[in-house]
Amino acid sequence: MKTVEDYVTSIEDFPEPGIVFRDITTVIQDPEGFKLAIDGMEQFLEGVDFDIVVGAESRGFIFGSPIARDMGKGFVLIRKKGKLPREAISEEYELEYGTAAVEIHKDAIQPGQKVVIVDDLMATGGTVSASIRLVEQLGGEVVKAVFLMELAGLKGREKLSDYDIDSVIIYPGK
């Protein structure tokens, strides 16, 4: 029987020498691979009390939406700055060379709501840290963050040590 990791394509030296790019497109294009990914992420949510799922653009949408649907919850988008049509709040975060910003609608999270954040990858923790700050600014409580993959060598989990985090696949390097 295959595991979700069997569906991930590893590409050596992309985007630069020494980097192994973990491509999830081969996971989601295969019905069994996609199901294994969603099922694996949902297992981490068994017994977790939460109200809503939040996913960051764009691959958080791919994984967060079916999880929200399966678990009978709503889904909230975190988008790149300037993409949301209604009043939003934004949060900047560090990239390797510069900064980026993400936004959430001001009315997307209600005070006291328990939130699960879903994304495809945790690397340095920048996107998820910004997502957590947005949820907390709106009065939500992040009760868990779930990822398909984690690059442990980039130490994102260390930045988020105050939060409950799980990843289906943990790669030791970068």
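**View 1. The largest nonpolar core has 25 residues, and Val54, Ile104, Ile109, Ile117 and Val128 touch the most other members.** A nonpolar core here is a set of buried Ala, Val, Leu, Ile, Met, Phe, Trp, Tyr and Cys residues joined through side-chain atoms within 4.5 Å. Strands S3 (52-56), S4 (74-80), S5 (88-95), S6 (98-105), S7 (114-122) and S8 (141-151), together with helix H4 (126-137), each supply at least two residues of this core. H4 gives the largest share, five residues. Helices (H or I, at least four residues) and strands (E, at least two) are DSSP runs, numbered from the N terminus. Please keep in mind that this is a predicted model, in which local features need pLDDT of at least 70, side-chain atom pairs count only at pLDDT 80 or more, and totals for chains, interfaces and linings use all residues. Residues are numbered from 1 along each chain as its sequence is written, and side-chain values use heavy atoms, with hydrogens and water left out.

**View 2. Here is Val128 with its contacts.** Not counting residues up to four places away in sequence, Val128 touches Ile117, Met122, Ala145, Phe147 and Leu160 (contact means heavy atoms within 4.5 Å).

**View 3. Phe34 and Phe63 form an edge-to-face aromatic pair.** Their centres are 6.1 Å apart, with 70 degrees between the planes. Rings of Phe, Tyr and Trp (its six-membered ring) pair if their centres lie within 6.5 Å; planes under 30 degrees apart count as stacked, over 60 as edge-to-face and the rest as tilted. Phe34 lies in helix H2 (residues 31-43) and Phe63 in helix H3 (residues 59-70), so the pair ties together parts that are 29 residues apart in sequence. Phe34 is partly exposed, at 26% relative accessible area, whereas Phe63 is buried, at 0%. Buried means under 20% relative accessible area, exposed over 50%, and partly exposed in between (1.4 Å probe, protein chains only).

**View 4. Helices H2 and H3 pack at an angle of about 65 degrees, with their axes 10 Å apart.** Axes are lines fitted to C-alpha atoms, for helices over the stretch in contact, and angles run from 0 to 180 degrees between N-to-C directions. From H2, Phe34, Ala37, Ile38, Met41 and Glu42 meet Ile62, Phe63, Pro66, Ile67 and Asp70 of H3.
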